[in-house]
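User: I am new to protein structures and would like to learn how to read one feature at a time. Could you take me through this one, giving the general idea before the particular case?

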Amino acid sequence: MPPLFLLPIPPGAVTLGDSEEAPCPRSLLHKMPIHLLVRDRTLPLPSLPRLPGLQLRQPWAPSPGPAVPSCPPRQRLVFLKTHKSGSSSVLSLLHRYGDRHGLRFALPARYQFGYPRLFQASRVKGYRPQGGGTQPPFHILCHHMRFNLKEVLQVMPSDSFFFSIVRDPAALARSAFSYYKSTSSAFRKAPSLAAFLANPRAFYRPGARGDHYARNLLWFDFGLPFPPQMRTKRGNPQPLRDPNLPQLRVLPSGADPRAHTQDPNALFRPAPTIADSQMSSPASLDLESSSFIQWNLAWLDSVFDLVLVAEYFDESLVLLADALCWGLDDVVGFMHNAQAGGKLGGSTVGNGGLTAEDRQLTARARAWNNLDWALYVHFNHSLWARIKQYGQNRLQSAVAELRARREALAKHCLVGGEALDPKYITDRRFRPFQFGSGKVLGYVLRSGLSLQDQVECERLATPELQYKDKLDAKQFPPTVSLPLKTSRPLSP
């Protein structure tokens, strides 16, 4: 049977299949009387507001001063930094924007908030619980964590702008296998990604050290609960069904997922809709699993204002600038934490141009990461719904402008105008952390820059770890020890 979800793809792209019977997640949610907590308010799910206009300026040049905004810029931000999805490049934009505007970051003591454990407010450096004395407010929470809304709201105000980014699970699997091969026991035991995906249960053990990187990594990062059949010690007892695409269904029309909500914490985390008992039949497993997936996706819609899609990175950045009422210059930046030979942008959703072997690997990766695939389909759809509202021609113009400015910045700031092999980066301030089997590219600044341009180009080129250290030192300057008093004056 054809897949029951349609993946929204821009005009002219190759589609995955057709189904006139399948309502998309948005259609489903418009039909269902769902009300969930959206941080501190309830409202029907979902409705896309009219997006404010994006102010565009002519080709890049250092701005003499801030432009007059058409609306107040959003500066209370929560970014869920997902793994291997282009999130380091988004983080760089946030670092630069917050640094330039003097905003205060909620920082981890090191570089992550206790990942892979769920986020805890106590892990934020300088955080004091309510009643523990006054403290300056945080503006941006953006470093690696496993999302936990209840604890996030201890740190950030409920009217913050919540956003994240997702990537096609097939592309994510390729990147994760290369990057986390030494970290994940499942990947470490597999001779290749193709061998792993041909028989993943020969290598993967739920709960084994680092194996959350090997299956449904996006779902894990969003802090979502897993279906009971995926929580057993031996893994999911059900065999993989179709190696092409997971068959997803939606909740029956008129069904009310609130009837399944018994846990008061479901306001902060989605409530599972599957009983922990053994499923009675494969058919009931399909129906219950799809209901479980749809409930979780509906919950995410109630929490996140925008979810970017890595395969449409520049389009996503334009929409982000628009939603935040930022200038386009605020989202023009360089790619960070990219591996040599890797490619972030450009959709492979339609499988066009792939070899038969690549198509098989892609299908197996999506089937193995079936929760991530459902999540990706959902947010790809919501992105294109937003693009339609924004206007396709208007978006194309803005994307072309963004790319022109990025190219101009690269030529102005960088040796060679592009990312370089780390062997050429001798300045430790700009040498990215090397991890995994691939080389992580970085940048070398041109000489002869003016002081003002040097500052801005450094912000653009600084890797995430060094920038976090820079922000840490700025927010928590080391205390200066006073000399001890002596009984006689010190000699000059």
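Analyst: Let us start with two cysteines, C71 and C325, which are both buried. Please keep in mind throughout that this is a predicted model.

User: What joins C71 to C325, and what is the S to S distance?

Analyst: In general, a disulfide is a covalent bond between the sulfur atoms of two cysteines. Here a disulfide links C71 with C325, with an S to S distance of 1.7 Å. The link of C71 and C325 is right-handed, with 120 degrees about the S-S bond. C71 sits in the loop between β2 (41-44) and β3 (77-80), while C325 sits in the loop between α9 (313-324) and α10 (356-368), so the pair ties together parts that are 254 residues apart in sequence.

User: How many disulfides does the count come to, and what pattern do they follow along the chain?

Analyst: The count comes to two disulfides, taking sulfur atoms within 2.5 Å as the rule. The other pair is C413 and C457, whose sulfur atoms are 2.0 Å apart. Their link is left-handed, with -65 degrees about the S-S bond. Since C413 belongs to helix α12 (residues 392-413) and C457 to helix α13, the pair ties together parts that are 44 residues apart in sequence. C413 and C457 are buried. Counting bonded cysteines along the chain, the disulfides of the protein follow the pattern 1-2, 3-4.

User: Helix α13 has now come up; which of the residues in α13 are buried, and what covers them?

Analyst: The buried residues of α13 are D453, C457, E458, R459, L460 and A461, and what covers them includes α2, α12 and α14. Take R459 as an example of how the label is given: its relative accessibility is 15%, and because buried means under 20%, R459 counts as buried. Leaving aside neighbours within four places in sequence, R459 is in contact with S92, R96, D99, R100, Y467 and K470.

User: At what angle do α2 and α13 pack, and how far apart are their axes?

Analyst: Two packed helices are described by the angle between their axes and the distance between the axes. For helix α2 (residues 87-100) and helix α13 (residues 451-461), the angle is about 145 degrees and the axes are 9 Å apart. On the α2 side the contact is made by S92, R96, D99 and R100, and on the α13 side by E456, R459 and L460. The residues of this contact divide into one nonpolar, one polar and five charged.

User: What span should helix α14 have, and what separation do its end C-alpha atoms show?

Analyst: At 1.5 Å a residue, the twelve residues of helix α14 (residues 464-475) should span 16 Å, and this agrees with its end C-alpha atoms, which are 16 Å apart. Within α14, the residues E464, Q466, Y467, K468, L471 and D472 are buried, and their cover includes α2, β4 (105-106) and α13.

User: In what order do the strands of the open sheet come, and is their pairing parallel or antiparallel?

Analyst: Strands of a sheet pair through backbone hydrogen bonds, either parallel or antiparallel. In this protein, five strands make an open sheet in the order β4-β5-β3-β6-β7, and the pairing is parallel. β4 and β7 (306-309) are at the edges, each with a single partner strand, so one side of each is left without a neighbour in the sheet. To look at one pairing, β3 and strand β5 (residues 140-141) run parallel and are joined by two bridges; V78 stands opposite L141 in β5. Helix α9 lies across β3, β6 (161-166) and β7, and runs at about 160 degrees to β7.

User: Is W373 buried or exposed, and how far is its C-alpha atom from that of R167?

Analyst: W373, which lies in helix α11 (residues 370-390), counts as buried because its relative accessibility is 4%. The C-alpha atoms of W373 and R167 are separated by 9.1 Å, although the two residues are 206 residues apart along the chain.

User: How many helices and strands are there in the protein, and what percentage of its residues is buried?

Analyst: There are 14 helices and seven strands, and buried residues make up 53% of the 492 residues. Of the contacts with a separation of 6 or more, 78% come from residues 24 or more positions apart.

Methods: Residues numbered from 1 in each chain as written. Predicted model: local features only at pLDDT ≥ 70, side-chain atom pairs only at ≥ 80, totals over all residues. Heavy atoms only, no water. Axes fitted to C-alpha atoms, helices over the stretch in contact; angles between N-to-C directions. Helix = DSSP H or I, 4+ residues; strand = E, 2+ residues; numbered from the N terminus. Contact = heavy atoms within 4.5 Å. Nonpolar A, V, L, I, M, F, W, Y, C, P; charged D, E, K, R; others polar. Buried < 20%, exposed > 50% of the residue type's maximum accessible area, 1.4 Å probe, protein only. Expected span 1.5 Å × (residues − 1). Pairing = 2+ DSSP bridges.
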